[in-house]
Amino acid sequence: MYRIGFLGTGQIAAPMVRFLAGTGHDITVSDRNADIAATLESGHGVMVAQNQQVIDRSEVVFLCLRPHLAAEVLQDLRFRPGQHIISVMAGVSLAKLRTLCAPAEDITITIPLGFLEQGGCPLPAYPSTDVLDRLFEPENTVFQVPDERALNMHFAICAMVSGLLDLMATGAEWLGDETGEHAEAEFYTTQLFSGFLAAMTRKPGALARKRDSLATKGSISLQMTEGLRDGGAHEVLLRTLDAIRDRLNG
Ligand SMILES: NC(=O)c1ccc[n+]([C@@H]2O[C@H](COP(=O)([O-])OP(=O)(O)OC[C@H]3O[C@@H](n4cnc5c(N)ncnc54)[C@H](OP(=O)(O)O)[C@@H]3O)[C@@H](O)[C@H]2O)c1
């Protein structure tokens with residue numbers, strides 16, 4: 001079991017803390033966000049402390065700050081040799097983290113999503129560290145990517161999740177407007193996609209094969225895929241992924 005600290009107790013820290021507290025680790029979270037920290041303290045037995053105390057109490061420190069605040073917050077804090085640092089912050093480079101967290105040297109960046117609490121979350125990581133495997137496997141799958149650039153590309157695909165949720169919300173709203181049943185429309189849309197994806201195989205090429213098995217000649221599914229493609233949806237997606245790539249690679 002590890003003594004684990006979290007700097008930044010927000011949307012992504014909370015499910016990670018709940019998961020790790022549930023597997024018996026000794027956890028300290030920073031006192032911001034105060035409401036989330038208090039809920040974790042009362043419901044999951046974690047300790048709440050100021051940033052420096054979080055670091056001093058911990059063998060493993062998760063950095064869950066908003067990227068634009070990272071330098072400002074971390075530059076005043078003291079890490080120690082031998083500490084394991086795990087950053088989940090998009091766009092804060094390994095080189096920058098090495099400077100900000102020195103003399104701690106074991107630094108890894110990974111990309112969690114909140115559903116890791118339920119298991120089944122893929123966790124790309126660079127560089128690899130056994131600590132991440134020990135903390136999140138076997139419920140979740142940790143895998144090393146070849147380099148930091150590849151990790152940033154995984155961050156870009158992760159950003160697609162909110163883009164696709166936004167599209168799904170638009171579809172659900174359209175269905176609700178048509179039927180007059182907005183709650184049912186959202187339920188149907190959510191269950192449809194989550195059930196469909198959960199049932200898919202993980203074999204290479206599965207996404208395209210599934211698409212083609214639905215979008216057969218003359219079908220409304222083909223009308224949808226062609227309508228989106230002809231309307232430029234794929235070009236917009238690729239352009240946006242490129243823009244995120246360029247932003248993350250500085
Ligand atoms: N959300 C996700 O699903 C997700 C997934 C993967 C990676 N990430 C990464 O995780 C990071 C955090 O994202 P988030 O969505 O969790 O954001 P968030 O909910 O805003 O959490 C950031 C936390 O940092 C706290 N904070 C601000 N100033 C601080 C300080 N000086 N000392 C200590 N804590 C401070 C904030 O507290 P206050 O509320 O009091 O300001 C807040 O609790 C980002 O870098 C993001 O790229 C997020």
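The part to look at is strand 6 (residues 106–110): what covers this strand, and which strands pair with strand 6?

A: This is a predicted model, in which local features need pLDDT of at least 70 and side-chain atom pairs count only at pLDDT 80 or more, while totals for chains, interfaces and linings use all residues. Residues are numbered from 1 along each chain as its sequence is written.

The protein has eleven helices and eight strands. Both are DSSP runs numbered from the N terminus, with at least four residues of H or I for a helix and at least two of E for a strand. Strand 6 is mostly covered, as four of its five residues are buried. Buried here means that 20 or more other C-beta atoms, placed from the backbone, lie within 10 Å of the residue's own; with 12 or fewer it is exposed, and in between it is partly exposed. For the protein as a whole, 26% of the 250 residues are buried.

Strand 6 pairs with strand 5 (residues 84–87) in the parallel sense, over four bridges. Pairing requires that DSSP finds at least two bridges between the strands. In this pair, Ile-86 stands opposite Thr-108 of strand 6. From strand 5 the chain passes through helix 5 (residues 94–101) to strand 6, a right-handed β-α-β crossover. Right-handed means that, with the strands pointing away from the viewer, the path from the first strand over the helix to the second runs clockwise. The loop between helix 5 and strand 6 holds Pro-103, and the peptide bond joining Ala-102 and Pro-103 is cis, with omega about 10°.

Strand 6 also pairs with strand 7 (residues 122–126); these two run antiparallel and are joined by two bridges. Here Thr-110 stands opposite Ala-125 in strand 7.

Just after helix 10, Gly-232 takes a positive phi of about 95°.

Val-54 counts as buried because 25 other C-beta atoms lie within 10 Å. Setting aside residues up to four places away in sequence, Val-54 touches several residues, including Gly-5, Leu-7 and Val-29; two residues are in contact if their C-beta atoms, placed from the backbone, lie within 7 Å. Val-54 and Val-29 are 25 residues apart in sequence, with their C-alpha atoms 6.4 Å apart in space.

Next comes the ligand. Among the 24 residues around the ligand, those that come nearest include Arg-32 and Asn-33, where near means a C-beta atom, placed from the backbone, within 6 Å of the molecule. Arg-32 and Asn-33 are joined by a cis peptide bond with omega about -5°. Asn-33 lies in the loop between strand 2 (26–30) and helix 2 (34–44). Helix 4 (residues 67–74) gives the most to the shell around the ligand, with three residues.

Last, the domain assignment gives domain 1 (3–144) and domain 2 (151–248); such bounds come from an automatic or database assignment. Their C-alpha centres lie 31 Å apart. Six residues from domain 1 and six from domain 2 make the contact.
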